[in-house]
Amino acid sequence: MKKSMIKYAGIAALTLAAVSSTVPASATTLISGQSTSGRGPFGAGIEWFNDEVKKRTDNAVDFDIQWGGALFKAPAARQSIADGIADLGIVIGAYTPREMVAYSISDLPVMGADPWVSMKATQEFMTTEPSIKQQLAEQNLVYLGTYTTSAIQLICKGDPVTTIEDIKGKKIRGIGVYGKTFKELGANLVSMSYYQSYQALDTGLLDCTQGYSYATKSLKHYEVTDSITLLNWGQLGALGMFMNKDTFDSLPENVQKALLEVGNEVPDYYGQRMNHENDTALKDMKEGINGKSIDVLSFDPEDLKKVKKAGEKYISDWVKNANEAGLEGERMLERVKSLVAKYEKQRDEEGYPWAKK
């Protein structure tokens, strides 16, 4: 048994009985620790990753997914995977910006609002920068593939928020650059998990939450809110599948290859899924779900420019933090911008890859 998992062998022993009989007895079971509930497109994206790896290895591996933070909560994911509490799982860069400084560039507004463009740019950046691979190895981590929240929106209860003046005094749950900017513009920033915001909105602890169109539907936030204001400002793209390096190194070469190949294909699968889910969610919430509809609003264009301007200083902060971490901050920022431009051009000239099928 690999060294990093000895302490947690009991967890695997308790769950092996649930493995499907279609999985060969010789299959290696990988423990996947996930802080989400598994609902909606994000859960489906994780299941797709697992199914593809299994298929491409002829079921040489299986995945035991521990949903809902059963093994660890989202802020502890990076350290927990590195320590071997799980073999792999989703790490959210915003919770550990110092250790994930390179990856956290994907949380900046430079990525734009298109999920596919953001993920493609992030994937190429993370898999072609040797210094990133080395820093992750020092943390006992291997990067596999990236997901995204999709474009940042504001979901509110009560009075609509469509201007900077409306933000002032509002109790808003926010995270990363976007939450900091809301606070700078006069919001009372409330720190809590996205998955706690339903109850907080329902009870009045929150007026608004930073959120995403598809999640407003899948997490049923529409039940306790009155409007969603489309900012399309940027996204939290530092949302990736990472693996314990000890575990990865112990696997056969064909399994390692499959994990990396499927990770590289996540942007195409998940980009199509996110575009569809976001469009469908907005349509359904506007028309009404089980008799409950919410208003789909736009932010004042001139005020949105000011909001984006207020967030620009955090890009400079990222460059400084990257330099302090021994990375080439300025060069990396320019490279990411060029990758975003590359995939925007590809989208505009050739269309999305799934549209060609």
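Modeller: A disulfide is taken here as a pair of cysteine sulfur atoms within 2.5 Å. The structure is a predicted model, in which local features need pLDDT of at least 70 and side-chain atom pairs count only at pLDDT 80 or more, while totals for chains, interfaces and linings use all residues. Residues are numbered from 1 along each chain as its sequence is written, and side-chain values use heavy atoms, with hydrogens and water left out.

Biologist: How many disulfides does a search of the whole structure find?

Modeller: The search finds one disulfide. C156 and C208 form the link, and their sulfur atoms are 2.1 Å apart. The angle about the S-S bond is 110°, and the link of C156 and C208 is right-handed. Distant parts of the chain are linked by this pair, with C156 in strand β5 and C208 in strand β8, 52 residues apart. Strands (E, at least two residues) and helices (H or I, at least four) are DSSP runs, numbered from the N terminus.

Biologist: Is C156 buried or exposed?

Modeller: Buried means under 20% relative accessible area, exposed over 50%, and partly exposed in between (1.4 Å probe, protein chains only). C156 is buried, at a relative accessible area of 0%, and C208 likewise counts as buried at 0%.

Biologist: In what order do the six strands of the open sheet lie?

Modeller: Strands of a sheet pair through backbone hydrogen bonds, either parallel or antiparallel. Two strands pair here if DSSP finds at least two bridges between them. The six strands of this open sheet follow the order β7-β6-β8-β5-β9-β11, with mixed pairing. At the edges are β7 (188-190) and β11 (295-298), each of which pairs on one side only. From one strand to the next, the twist averages 30°. Helix α7 (residues 176-184) packs on the sheet and touches β5, β6 (171-173), β7, β8 (208-211) and β9; the direction of α7 makes about 120° with that of β9. Contact means heavy atoms within 4.5 Å; axes are lines fitted to C-alpha atoms, for helices over the stretch in contact, and angles run from 0 to 180 degrees between N-to-C directions.

Biologist: In which sense do β5 and β9 pair?

Modeller: β5 and β9 (residues 227-235) pair in the antiparallel sense, over five bridges. For example, L154 has T229 of β9 as its bridge partner, and A151 has Q235 of β9. β9 and β11, by contrast, run parallel and are joined by four bridges; L230 is partnered there by S298 of β11. Eight of the nine residues of β9 are buried, so β9 is largely enclosed by the rest of the structure.

Biologist: How many aromatic pairs does the structure hold?

Modeller: A pair of aromatic rings is described by the distance of the centres and the angle of the planes. Rings of Phe, Tyr and Trp (its six-membered ring) pair if their centres lie within 6.5 Å; planes under 30 degrees apart count as stacked, over 60 as edge-to-face and the rest as tilted. The structure holds 14 aromatic pairs. F42 and Y147 have ring centres 5.5 Å apart and planes at 85°, so this pair is edge-to-face. Because F42 lies in helix α2 (residues 40-56) and Y147 in strand β4, the pair ties together parts 105 residues apart in sequence. Both F42 and Y147 are buried. The rings of Y178 and W233 are also edge-to-face, since their centres are 4.7 Å apart and their planes lie at 85°. Y178 belongs to helix α7 and W233 to strand β9, so this pair joins parts that are 55 residues apart in sequence.

Biologist: Which residues have the most contacts inside the largest nonpolar core?

Modeller: In soluble globular proteins, nonpolar side chains tend to be buried together. A nonpolar core is a set of buried Ala, Val, Leu, Ile, Met, Phe, Trp, Tyr and Cys residues joined through side-chain atoms within 4.5 Å. The largest core has 54 residues, and those with the most contacts inside it are F49, L144, Y147 and L259. Helix α11 (residues 253-287) gives the most to this core, with seven residues. Apart from it lies another core, of 41 residues, including A121, L136, V319 and V336.

Biologist: Where does N140, a residue with positive phi, lie?

Modeller: N140 is in the loop between α5 (130-138) and β4 (141-147). Its phi is near 65°, a positive value in a residue other than glycine. N140 is buried at a relative accessible area of 17%, and S150 counts as buried at 1%.
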